[in-house]
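User: Hello! I am new to this structure and would like to learn how to read it. Could you show it to me and take me through some features?

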Amino acid sequence: MHLVIIGGGITGLSAAWEAQQRDIPYTLLEASDRWGGKVISSELRMNGARFLVDGGPDTIVTRKPEAWDLSNELGILNQVEDPGSETRGIYVLDAGSPQPIPLSPFRFVSSTLMTTRGKLRMLAEPFQPAREDEGDESLGDFVRRRLGGEALDKVIGPVLGGIYNTDPNIQSIMVSSPVMREMEREAGSLVLAALKRGLRRKKSSNGMKKPRFITYKQGIQGIVEALVSQLTGDLRLNSPVRYILQEGGKYKVYTADGEIHHADALVFATLANATADLLTNIANEAGKLLENIRHNHIGTVSLVYRESDLPRLEINGLMIPRREQRAIDAVTFTSKKMPQRFSSGYAVLRVFVGGGRPEVVEYDEEKLIDVIQLELLELLGITALPLTYKVFRWQNGFPQAEVGHLQLIDEVEKHLPSNIALAGSSYRGIAVPDCIRQGREAIQKILTTKDAKRTTVGQAAQQEAYP
Ligand SMILES: Cc1cc2nc3c(=O)[nH]c(=O)nc-3n(C[C@H](O)[C@H](O)[C@H](O)COP(=O)(O)OP(=O)(O)OC[C@H]3O[C@@H](n4cnc5c(N)ncnc54)[C@H](O)[C@@H]3O)c2cc1C
């Protein structure tokens with residue numbers, strides 16, 4: 001069997017890795033001139049100083065074990081770094097001014113971010129009736145139900161809406177935070193489940209202490225570099241797939257350079273908006289259904305300042321709800337989070353754009369930096385201009401999993417032949433570990449259906465021979 005995997009982001013690379021572990025010959029086709037897709041790091045240099053920045057993800061949660069386990073398989077756990085807890089010093093913009101998210105009991109009581117009534121409603125969480133079914137609902141409905149409307153508006157909505165670059169009132173909880181529904185089912189309450197889980201924090205199988213989040217010494221791209229250096233199959237960059245034809249249950253994959261790749265099975269590790277087009281000739285119904293998945297713009301800009309030029313701020317991260325109508329969605333002080341990546345005496349900020357005002361992602365660089373600069377001045381009092389910066393952007397590149405998303409994907413998959421699998425951020429989870437899991441599962445799925453077919457064919461032959 002020869003497999004063609006389309007898309008060389010972390011999903012496609014993980015699929016290739018799994019195929020290799022199972023001795024399946026494969027070709028991996030990537031449209032661009034580099035591997036990793038959104039998993040990208042870049043080194044900026046200036047007057048002998050060095051700044052290592054990430055464009056897309058910058059940390060990976062280990063509660064979902066796939067990235068940690070893959071790093072173990074690749075032998076790169078010695079390159080893993082602990083970026084610390086994501087929750088320290090996080091602020092939310094409220095009526096134009098940054099307010100700390102109150103995480104300690106003392107800060108919670110004294111915080112002015114929420115009214116007393118809102119706080120009491122949050123504290124009543126363990127007494128709310130628990131939902132036990134597996135049906136979907138929006139992230140917003142879930143938070144309102146468990147913690148109250150104010151918690152959603154003031155704290156949880158801005159944080160989760162920022163992470164998923166979406167409106168929590170349409171985002172599916174079963175895709176974005178199924179763990180919250182698991183916790184509700186497990187203990188009847190988020191608070192009680194968190195306490196229980198805290199008590200049984202475990203060590204990883206090899207005895208190494210597993211941080212809550214990980215990154216890599218060479219930037220997040222470390223995992224991509226390790227994968228590419230250990231993949232031995234047919235890997236092709238600059239090979240955008242243009243169209244695919246079917247011939248007797250097999251496929252002919254045409255790339256822009258005029259090459260034709262023959263495949264017995266296909267893994268699409270591309271976003272649903274790209275996959276929908278490519279399915280036209282081979283699974284049109286499934287392709288049409290995929291068109292229902294929206295993809296938003298997203299971009300990040302890393303800006304380097306002289307540390308002495310910035311005001312002294314306690315803020316490590318600022319989340320900006322859409323109701324604030326700002327051009328930027330969030331700011332992270334990367335140099336506080338990962339100081340080892342930057343020459344001393346400099347500060348590095350990472351700004352997110354595209355959620356609240358999608359058109360900002362399309363601005364030319366000069367206009368984009370001007371707009372960001374103005375926001376940073378108004379919100380954080382930063383008057384200095386950046387010494388250098390790096391822009392990353394993905395237009396229509398951030399999938400939106402709306403309520404009912406998983407049912408839609410089930411439906412799509414019903415319309416696919418058994419030798420085609422879909423994997424990646426548009427389907428069953430967007431975080432890097434979700435993508436690794438889906439890439440690997442795609443291979444397992446193809447093998448399972450192939451083995452099932454072989455058994456059925458074998459059984460039929462046996463029945464003919466021994467009626
Ligand atoms: C700004 C940002 C911050 C994020 N932060 C985090 C984080 O902190 N932690 C976390 O876990 N996740 C985070 N994520 C999510 C995570 O990074 C992505 O969901 C994940 O990297 C997507 O991987 P993928 O391989 O599925 O898709 P992609 O990375 O989009 O890769 C798809 C690949 O397919 C290629 N392709 C497209 N069309 C074709 C074609 N016709 N032929 C061949 N190739 C094609 C593309 O060039 C691309 O390389 C973040 C994402 C963004 C954008």
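Analyst: Gladly! Let us begin with a term: two residues are in contact when they have heavy atoms within 4.5 Å. Please keep in mind that this is a predicted model.

User: Which residues is L74 in contact with, leaving aside its neighbours within four places in sequence?

Analyst: L74 is in contact with W17, I223, A226, L227 and Q230.

User: Which residues touch the most other members of the largest nonpolar core?

Analyst: L74 is one of them, and the others are L3, I5, I10, I223, V267 and I443. This core has 41 residues. Elements that give two or more residues to the core include helix α2 (66-74), strand β1 (3-6) and α10 (222-230). The most comes from α16, which gives seven residues.

User: Why does this core lie between domain 1 and domain 2?

Analyst: Domain 1 (3-37 + 221-293 + 401-463) and domain 2 (41-85 + 295-399) both give residues to the core, so it lies between them. There is also a second, separate core of 30 residues, with L318, A327, V371 and V391 among them.

User: How many bridges join β15 to β19?

Analyst: There are nine, and these two strands run antiparallel. For an example you can find in the view, take V301: its bridge partner in β19 is V391.

User: Let us finish with a single residue. Is T255 buried or exposed?

Analyst: A residue counts as buried under 20% relative accessible area. T255 has 4% relative accessibility, so T255 is buried. You will find T255 in strand β12 (residues 250-255). The side chains of T255 and D257 are joined by a polar contact of 2.6 Å. Not counting residues up to four places away in sequence, T255 touches L29, S239, P240, V241, R242 and H261.

Technical notes:
Residues numbered from 1 in each chain as written. Predicted model: local features only at pLDDT ≥ 70, side-chain atom pairs only at ≥ 80, totals over all residues. Heavy atoms only, no water. Pairing = 2+ DSSP bridges. Helix = DSSP H or I, 4+ residues; strand = E, 2+ residues; numbered from the N terminus. Core = buried A, V, L, I, M, F, W, Y, C linked by side-chain atoms within 4.5 Å. Buried < 20%, exposed > 50% of the residue type's maximum accessible area, 1.4 Å probe, protein only. Domains from an automatic or database assignment. Polar contact = N/O pair within 3.5 Å; in protein donor to acceptor, adjacent residues only side chain to side chain.
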